[in-house]
Amino acid sequence: MNVGAGPTQAEHQSFFDAVGGHATFVAIVRRFYEGVETDPVLKPMYPADDMEGAVERLTMFLEQYWGGPTTYSEQRGHPRLRMRHMPFKVNPDARDRWISHMREAVARQDLAPLHAVTLMDYLERAAHSMVNSFEPTEEV
């Protein structure tokens with residue numbers, strides 16, 4: 001993965017603040033969804049009439065996870081990631097596509113290497129934990 005040379009984290013600074021706060025997470029999530037929009041496997045898993053809602057929910061979740069505002073829990077309760085993803089067939093192909101689009105979005109943000117690797121480590125582990133099917137992908 002190609003990573004940038006952004007500044008490192010100051011003492012007592014949250015990861016959220018160190019990487020640039022809200023603007024950084026919005027940029028990453030929007031770039032991620034640009035990839036999803038062109039992906040024949042992932043796009044059908046997202047609400048066609050509410051992509052902005054999907055962008056907002058993922059942004060709020062990531063911001064909260066990394067030390068930003070707790071808006072996600074205030075509006076939606078506990079994240080319950082596996083439960084919220086159970087209605088969707090998340091097989092290894094879908095997982096790998098999700099990771100690929102997220103990796104591209106994070107790489108384009110030009111974060112400090114440690115921040116990019118830390119963020120991707122979490123995102124990859126989370127994606128692996130969402131797998132709930134080993135049935136083959138049916139592209140639309």
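These legends accompany close-up views of one predicted model.

**View 1**
The chain has seven helices and zero strands. Read along the sequence, the pattern is α-α-α-α-α-α-α. The chain holds 140 residues, and 41% of them count as buried.

**View 1. Helix α2 meets helix α6.**
Two packed helices are described by the angle between their axes and the distance between the axes. Helix α2 covers residues 22–37, and helix α6 covers residues 92–107. Their axes come within 8 Å and cross at roughly 135°. Angles over 145 degrees would count as roughly antiparallel, so α2 is oblique to α6. The crossing of α2 and α6 is right-handed. On the α2 side, the contact is made by Ile28, Arg31, Phe32, Gly35 and Val36. On the α6 side, Trp98, His101, Met102, Ala105 and Val106 take part. Sorted by class, this contact of α2 with α6 has seven nonpolar, two polar and one charged residues.

**View 2. Helix α6 also meets helix α7.**
The axes of α6 and α7 come within 10 Å. They cross at roughly 165°. An angle over 145 degrees counts as roughly antiparallel, so α6 is roughly antiparallel to α7. The crossing of α6 and α7 is right-handed. From α6 come Arg95, Trp98, Ile99, Met102, Arg103 and Val106. They meet Ala116, Leu119, Met120, Leu123, Glu124, Ala127 and His128 in α7. By class, the contact of α6 with α7 has nine nonpolar, one polar and three charged residues.

**View 3. Leu119 sits in helix α7.**
Leu119 belongs to helix α7. Is Leu119 buried or exposed? The cut-off for buried is under 20% relative accessible area. Leu119 has 2% relative accessibility, so Leu119 counts as buried. Which residues does Leu119 touch, beyond those up to four places away in sequence? They are Phe15, Ile28, Trp66, Val106 and Leu111. Take Trp66 as one of these partners. Leu119 and Trp66 are 53 residues apart in sequence. In space, they are 8.9 Å apart, C-alpha to C-alpha.

The model has a count of ten aromatic pairs. One of them joins Tyr65 and Trp66. Their ring centres are 5.0 Å apart, with 75° between the planes. Planes over 60 degrees apart count as edge-to-face, so the pair of Tyr65 and Trp66 is edge-to-face. How accessible are these two residues? Tyr65 is partly exposed, with a relative accessible area of 41%. Trp66 is buried, with a relative accessible area of 11%. Ring pairs link Phe15, Phe61, Tyr65, Trp66, Tyr72 and Tyr122 into a cluster. Two members of this cluster, Phe15 and Trp66, are also touched by Leu119.

**View 4. Met60 lies in helix α3.**
Helix α3 covers residues 51–65, and Met60 is found there. Met60 has 8% relative accessibility and counts as buried. Set aside its neighbours within four places in sequence. Met60 is then in contact with Thr71, Tyr72, Gln75 and Arg76. Tyr72 is also a member of the aromatic cluster. Met60 and Ser73 are 13 residues apart in sequence. In space, Met60 and Ser73 are 8.7 Å apart, C-alpha to C-alpha.

**View 5. Thr24 lies in helix α2.**
Thr24 is a residue of helix α2. Thr24 counts as buried, at 6% relative accessibility. Not counting residues up to four places away in sequence, Thr24 touches Val19, Gln109 and Leu111. Leu111 is also touched by Leu119.

**View 6. Asp110 lies in a loop.**
Where is Asp110? Asp110 lies in the loop between α6 and α7, and α7 covers 113–130. Asp110 has a positive phi of about 60° although it is not a glycine. Asp110 is partly exposed, with a relative accessible area of 49%.

Key: Residues are numbered from 1 along each chain as its sequence is written. This is a predicted model: local features need pLDDT of at least 70, side-chain atom pairs count only at pLDDT 80 or more; totals for chains, interfaces and linings use all residues. Side-chain values use heavy atoms; hydrogens and water are left out. Axes are lines fitted to C-alpha atoms, for helices over the stretch in contact, and angles run from 0 to 180 degrees between N-to-C directions. Helices (H or I, at least four residues) and strands (E, at least two) are DSSP runs, numbered from the N terminus. Angles under 35 degrees count as roughly parallel, over 145 as roughly antiparallel, 65 to 115 as roughly perpendicular and the rest as oblique. A crossing is left-handed if the near helix is turned anticlockwise from the far one by less than a right angle, and right-handed if clockwise. Contact means heavy atoms within 4.5 Å. Ala, Val, Leu, Ile, Met, Phe, Trp, Tyr, Cys and Pro count as nonpolar, Asp, Glu, Lys and Arg as charged, and the others, Gly among them, as polar. Buried means under 20% relative accessible area, exposed over 50%, partly exposed in between (1.4 Å probe, protein chains only). Rings of Phe, Tyr and Trp (its six-membered ring) pair if their centres lie within 6.5 Å; planes under 30 degrees apart count as stacked, over 60 as edge-to-face and the rest as tilted.
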